[in-house]
Amino acid sequence: MDEIKIDRRQALRLAAALGTMFGFSALPEPIQAALRPTTAESVPKIIYLQGLSCTGCSISLLQTATPSPLAYITTYSNLSFHADLSAASGQQALTLIDSFIDGKDGEYYLAIEGAIPAGMPEACMIGSKPFGEYVAAGAKTAAGIIAIGTCASFGGIPSAEGNPTGSISVPAFLAQRHLDKPLITIPGCPAHPDWVWHTITHLVKIGMPELTKSRSPKLFFGGNLHNSCPRYHCFQEEMFAEKLGDPGCLFKLGCLGPITFADCPTRWWNGGRTWCIDANAPCIGCASPTFALRKDFPFYRTESESRTTS
């Protein structure tokens, strides 16, 4: 039989296709255990609030492939409120949120998307109350807090240097208010739907996952993106692309993979179909703590910096 050769990219696509075909078998064992059928009574409720953000993470949540978004929302979690997905609005929505925040509806987890305008509370309101006040009150009654996306996890674009709102991340806000609560950060701009749903399922079915120093799940953020990039060998051999579309490492075109910790090279996006490097776009480091915080943050570096080694 003739030998069949495939490159790393083809192998990853094949793995993604097999993962979709066989469903849960493609997932890590702790997640497989978490996704086994459960009863509604055993799944704590989730209240999802949005601060200063573009709603990109919420849109990303709906792009999960296996299981479907509906299954995650109704079977593997109990999403009791989300401004974009819930039917409740106006006073009905406010009453629902207050009922959970006041601790009247039992155990719940508080999911937060977006930064908190600590220096200008009126910049983000829910009803007549500043968003930050809901977060502060929820931190006292929730079983745990999940910061979803880079804006919530690290500050992101709303907290960029010079912004007029004095926006800060959820961890910084809780520290400022001296609020101690189990906290998980899931960065990304937007966050990958797997990162969010698998973490939530692990949290409510198994318990707190192993976290990095920045409180992110090691399962997704424990490895350096640069080291697992399919073009890493090009970096080692100093084969650099000179313009977009060229073969070779994209470091000289501004790739920030060396400072980013995420599993994009093996997880891929859009249902396992592609990811930034596969599309010949440099990584912009959207899951890194420094993403967009400085005025001089280089989304794409325009000139080569000193070589970064792994």
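## A proline in a loop

Pro190 sits in the loop that joins strand E9 (183-186) to helix H9, where helices (H or I, at least four residues) and strands (E, at least two) are DSSP runs numbered from the N terminus. The peptide bond that leads from Cys189 to Pro190 is cis, with omega near 5°. As background, most peptide bonds are trans, and most residues other than glycine have a negative phi.

The model is a predicted one, in which local features need pLDDT of at least 70 and side-chain atom pairs count only at pLDDT 80 or more, while totals for chains, interfaces and linings use all residues. Residues are numbered from 1 along each chain as its sequence is written, and side-chain values use heavy atoms, with hydrogens and water left out.

## Two residues with positive phi

Thr55, in the loop between E1 and helix H3 (56-61), has a phi near 70°, which is a positive value in a residue other than glycine. Its relative accessibility of 24% makes Thr55 partly exposed, on a scale where buried means under 20% relative accessible area, exposed means over 50%, and partly exposed lies in between (1.4 Å probe, protein chains only).

Arg215 is not a glycine either, yet its phi is positive, at about 70°. This residue belongs to the loop between H9 and helix H10 (218-221), and with a relative accessible area of 40% Arg215 is also partly exposed.

## The chain as a whole

The chain contains 12 helices and nine strands, and buried residues make up 50% of its 310 residues. Its accessible surface comes to about 15000 Å², of which 55% belongs to carbon and sulfur atoms; such areas come from the Shrake-Rupley method with a 1.4 Å probe, and for residues only the protein chains shown count as cover.

If we look at contacts (heavy atoms within 4.5 Å), and keep those with a separation of 6 or more, then 75% of them in the chain are between residues 24 or more positions apart. Not counting residues up to four places away in sequence, Tyr108 touches Lys45, Ile47, Phe100, Ile101, Gly138, Thr141, Ala142, Ala143 and Gly144. Tyr108 and Thr141 are 33 residues apart in sequence, and their C-alpha atoms are 8.3 Å apart in space. Tyr108 counts as buried, because its relative accessibility is 0%.

## Cysteines without disulfides

A disulfide is a pair of cysteine sulfur atoms within 2.5 Å, and by this rule the count comes to zero. Cys57 shows why: the closest cysteine sulfur, in Cys189, is 6.7 Å from its own, too far for a bond. Cys264 is likewise in no disulfide, since the nearest cysteine sulfur, that of Cys286, is 6.5 Å away. Both residues count as buried, Cys57 at 7% relative accessibility and Cys264 at 11%.

## A pocket and two cavities

Rolling a probe the size of a water molecule over the atoms shows where empty space is left. On a 1 Å grid over the protein atoms alone, a cavity is a set of points where a 1.4 Å probe fits but cannot get out, whereas a pocket is an open set with protein on both sides within 12 Å along at least five of seven lines, and lining residues have an atom within 4 Å of a point. Grid points are joined across faces, edges and corners, and a volume is the space filled by probe spheres set on the points. The second largest pocket holds about 300 Å³ of space. It is lined by 18 residues, and those closest to its centre are Cys189, Cys264, Trp269, Cys276 and Cys286.

A search of the whole structure finds two cavities of 30 Å³ or more. The largest cavity has a volume of about 90 Å³, and of its 13 lining residues, His226, Cys229, Cys249, Leu250 and Cys255 lie nearest its centre. The second largest cavity, with about 40 Å³ of space, is lined by Ile46, Tyr48, Leu61, Leu79, Ala111, Ile148, Val196, Trp197 and Ile200. Strand E1 (45-50) and helix H9 (193-205) are the elements that give two or more residues to this lining, and the largest share, three residues, comes from H9.
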